[in-house]
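Hello,

Here is the structure I promised to pass on. My notes follow below it.

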Amino acid sequence: HAAELPPLPGKGIKMVQNQRDPAFIAMRKHGLESYLRQVAALTQALRDESGVHDAAFEALLEFLELGR
């Protein structure tokens, strides 16, 4: 089963975007958290197919749940 990772969210253009602006940081954080949730869901689906689970993956799921 081939799986494709979602694209990373964009960082903006450093010369144009103030990457220290709180609004930008909040938007970037939201995008990265969304990306991690997508990767976790994909990983969960692959692990469900294989029947393999480990502590690192469970810790990632717990971390993502706390961020919701």
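The protein chain has two helices and zero strands. Helices (H or I, at least four residues) and strands (E, at least two) are DSSP runs, numbered from the N terminus. Please note that this is a predicted model: local features need pLDDT of at least 70, side-chain atom pairs count only at pLDDT 80 or more, and totals for chains, interfaces and linings use all residues. Residues are numbered from 1 along each chain as its sequence is written, and side-chain values use heavy atoms, with hydrogens and water left out.

Helix 1 first. Helix 1 covers residues 22-50, 29 residues in total. From first C-alpha to last, helix 1 reaches 41 Å, close to the expected 42 Å (1.5 Å times one less than its number of residues). G51 follows helix 1 and has a positive phi, near 80°.

Next, burial. Buried means under 20% relative accessible area, exposed over 50%, and partly exposed in between (1.4 Å probe, protein chains only). Of the 68 residues in the protein chain, 13% count as buried. In helix 1, the buried residues are F24, G31, Y35, V39, A40 and R47.

Ahead of helix 1, look at I13, which lies in the segment before that helix. I13 counts as exposed because its relative accessibility is 57%.

Last, contacts (heavy atoms within 4.5 Å). Among contacts in the protein chain with a separation of 6 or more, 50% come from residues 24 or more positions apart.

Best wishes
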